[in-house]
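Visitor: I am new to this structure and would like a close look at a single part of it. Please take me through it step by step.

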Amino acid sequence: MPSGWSLLQRHQIESLSGTSVRDWRCTEMSLESLDEQTPVWRHISVDALQCAVIDFLADNGWQRFHTLPGDDPMSDYGIVVRDAPDTLEPVAPDTTIYRNCLSLPLPRGLIQSVETTTNSHGTIGCVTLKIETALVSLSAGEFYAVDDGGYRVAEFDVSVLVRLNGRHPSSG
């Protein structure tokens, strides 16, 4: 049964309908690599951009989508939204798994509708924003390397997976 906290998160996200998006940015997180040394930024088996956080510039300033564990002790990670700083926090120079991406290739314009999907605890697993004719999907998850050289997705995990019309945003 969804709790008050989960319902509040859902209300905050769904209230974004009617908001105008002017820009997008994120802190991208590399995909897990089998050798744990070499960051992998793209792979043919991965259909989403994997982000630690993704921000959008709205009418009232920057907003941030990220994940948090739900308030139930058995809860998974879910999508939440909050105010974001005016500038993206710099990535530490000695890290190899994060990089900042400014002005992402995602649509700008009016958010015409917002849909959320939740688990049985009310934790938001996916947010879909309809902007103009495009669908921007933000889901809680993470990609993990598998022995055949590809990747599998774990849903309700700590990253935000970003898809544009069901594909990686830079797929064209």
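Visitor: Is Asp157 buried or exposed, and which side chain of opposite charge is nearest?

Guide: This is a predicted model. In it, Asp157 is buried but has no salt bridge. The nearest side chain of opposite charge belongs to Arg152, 6.7 Å away; a salt bridge needs the nitrogen and the carboxyl oxygen within 4 Å. Asp157 sits in the loop between strand E10 (151-155) and strand E11 (159-164). Its side chain does make a polar contact, at 2.8 Å, with the side chain of Tyr144. Beyond its neighbours within four places in sequence, Asp157 is in contact with Thr67, Tyr77, Ala140, Gly141, Glu142 and Tyr144.

Other charged residues do pair, and the structure holds seven salt bridges. One of them joins the side chains of Asp55 and Arg25 (2.8 Å, N to O). This pair links distant parts of the chain, with Asp55 in strand E3 and Arg25 in strand E2, 30 residues apart. Asp55 and Arg25 are both buried. Another salt bridge joins Arg99 and Glu28 through their side chains (2.9 Å, N to O). Here Arg99 lies in strand E6 and Glu28 in strand E2, 71 residues apart. Arg99 has 36% relative accessibility and so counts as partly exposed, whereas Glu28 is buried, with a relative accessible area of 3%. Shared partners also join Arg25, Asp55, Arg64 and Glu89 into one network of salt bridges.

Note on methods: Residues numbered from 1 in each chain as written. Predicted model: local features only at pLDDT ≥ 70, side-chain atom pairs only at ≥ 80, totals over all residues. Heavy atoms only, no water. Helix = DSSP H or I, 4+ residues; strand = E, 2+ residues; numbered from the N terminus. Buried < 20%, exposed > 50% of the residue type's maximum accessible area, 1.4 Å probe, protein only. Lys, Arg positive; Asp, Glu negative; His and termini not counted. Polar contact = N/O pair within 3.5 Å; in protein donor to acceptor, adjacent residues only side chain to side chain. Contact = heavy atoms within 4.5 Å.
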